[in-house]
Amino acid sequence: MAKSKSAYFCQSCGYESPKWLGQCPSCRQWNTFVEEMVSTGASRVPEWRSTTVGSAKRQNKAAIIHEIVYSAEQRIITPDKELNRVLGGGIVPGSLVLIGGEPGIGKSTLMLQLALSLPKTKVLYISGEESEQQIKMRAERLSQQSRAECYILTETSIQNIFKQAEAVRPDIVVIDSIQTLHSQQIESAPGSVSQVRECTAELLRYAKESNVPVFIVGHITKDGSIAGPKVLEHM
Ligand SMILES: Nc1ncnc2c1ncn2[C@@H]1O[C@H](COP(=O)(O)OP(=O)(O)OP(=O)(O)O)[C@@H](O)[C@H]1O
Ligand SMILES: [Mg+2]
Ligand SMILES: [Zn+2]
């Protein structure tokens with residue numbers, strides 16, 4: 001098991017410091033530092049890889065730009081024209097998309113609508129906020145009686161999420177919300193800077209290595225920033 005130590009994180013911008021500071025040197029805000037426990041293990045295996053059997057580390061080679069081909073049709077085009085437009089013309093494989101918004105603005109609804117609107121596309125919708133029953137009820141209200149391959153998982157452990165992702169092998173993953181997730185690598189509470197940073201980093205790695213697009217729902221606080229850490233937006 002990894003050793004743990006504590007560090008101080010600015011709850012506003014995610015700046016890390018070994019000691020408590022009154023003012024953040026990065027974002028200049030006062031009294032934003034909170035102590036969080038972080039694991040330090042030299043032999044830390046990223047969660048995503050540690051749960052993926054036989055996924056050899058893919059190594060990217062440098063390629064000359066005029067030989068790189070990309071095809072627009074690789075994108076997953078949703079039936080929602082506005083959503084496609086916001087995403088720059090559909091969902092890019094392996095991308096990480098942050099859905100930010102105030103409480104009650106309709107983030108969960110939008111994501112469930114997306115999950116139900118794509119036939120032949122396996123969507124793993126992970127909720128740490130609502131029960132299966134609540135989600136089912138919302139799905140019925142949306143009355144998109146589709147043949148969608150939409151899998152609902154109520155889970156908050158990132159380790160368990162990756163196990164399920166491996167079992168389901170989805171084409172799209174939705175996380176509702178990042179503030180409810182926790183990694184056992186980090187001892188601080190869900191929603192804390194270090195948890196959000198760790199879980200987002202794991203999801204980013206998963207998206208890149210599996211080429212599965214991941215939607216992350218993030219709450220917005222009173223002051224208009226995505227809950228707590230600016231780190232989420234940066235990532
Ligand atoms: N496009 C829409 N038009 C009208 N009402 C909507 C729309 N989207 C969602 N709603 C309604 O708004 C309410 C809140 O939606 P939802 O739970 O999806 O928001 P949320 O952003 O996920 O909230 P929270 O931050 O609490 O998780 C629900 O009652 C839902 O039915
Ligand atoms: Mg919600
Ligand atoms: Zn700061």
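These figure legends walk through several close-up views of a predicted model.

**Figure 1. The whole protein chain, before we zoom in.** This predicted model has a protein chain with seven helices and eight strands. The chain has 235 residues, and 34% of them count as buried. Now take the contacts between residues at least 6 apart in sequence: 68% of these join residues at least 24 apart.

**Figure 2. Five strands line up in an open sheet.** Read across the sheet and you get the order E4-E8-E7-E5-E6, with parallel pairing. Which strands stand at the edges? They are strand E4 (96-101) and strand E6 (149-154), and each has a single partner strand, so one side of each is left without a neighbour in the sheet.

**Figure 3. Strands E5 and E7 side by side, with a helix lying across.** Strand E5 covers residues 122-127, and its parallel pairing with E7 runs over five bridges. For a landmark, find Ile-126, which has Ile-175 of E7 standing opposite. Helix H5 (residues 158-168) lies across E5, E6 and E7. Compared with E5, helix H5 runs at about 160°.

**Figure 4. The residues around ligand 1.** Gly-101, Pro-103, Gly-104, Ile-105 and Gly-106 are among the residues around the ligand. Lys-107, Ser-108, Thr-109, Glu-129 and His-219 also belong to this group. Which helix gives the most to the shell? That's helix H3 (residues 107-117), with three residues.

Figure 5. Helix H6 has 18 residues, and at 1.5 Å a residue they should span 26 Å. The end C-alpha atoms of H6 are 25 Å apart, which agrees. Is this helix mostly covered or mostly uncovered? Mostly covered: 13 of the 18 residues in H6 are buried.

Figure 6. Helix H6 is followed by Asn-211, with its positive phi near 70°. What makes this worth a look is that Asn-211 is a residue other than glycine. Asn-211 sits in the loop between H6 and strand E8 (214-219). With 14 other C-beta atoms within 10 Å, Asn-211 is partly exposed.

**Figure 7. Asn-31, another asparagine in a loop.** You'll find Asn-31 in the loop between strand E2 (16-17) and strand E3 (33-40). Its phi is positive, about 55°, although Asn-31 is not a glycine. How many other C-beta atoms lie within 10 Å of Asn-31? There are 13, so Asn-31 is partly exposed.

Figure 8. The peptide bond from Asp-176 to Ser-177 is cis, and its omega is near 0°. Where is Ser-177? It lies in the loop between strand E7 (172-176) and helix H6 (193-210).

**Figure 9. Asn-84 and the residues it touches.** Asn-84 is part of helix H2 (residues 81-86). Leaving out residues up to four places away in sequence, Asn-84 touches Ile-77, Thr-78, Gly-89 and Gly-90. Buried, exposed or partly exposed? Asn-84 is partly exposed, because 16 other C-beta atoms lie within 10 Å, while a buried residue would need 20 or more.

Notes:
Residues numbered from 1 in each chain as written. Chains lettered and ligands numbered in written order. Predicted model: local features only at pLDDT ≥ 70, side-chain atom pairs only at ≥ 80, totals over all residues. Near = placed C-beta within 6 Å. Helix = DSSP H or I, 4+ residues; strand = E, 2+ residues; numbered from the N terminus. Buried ≥ 20, exposed ≤ 12 C-beta atoms within 10 Å, placed from the backbone. Contact = placed C-beta atoms within 7 Å. Pairing = 2+ DSSP bridges. Axes fitted to C-alpha atoms, helices over the stretch in contact; angles between N-to-C directions. Expected span 1.5 Å × (residues − 1).
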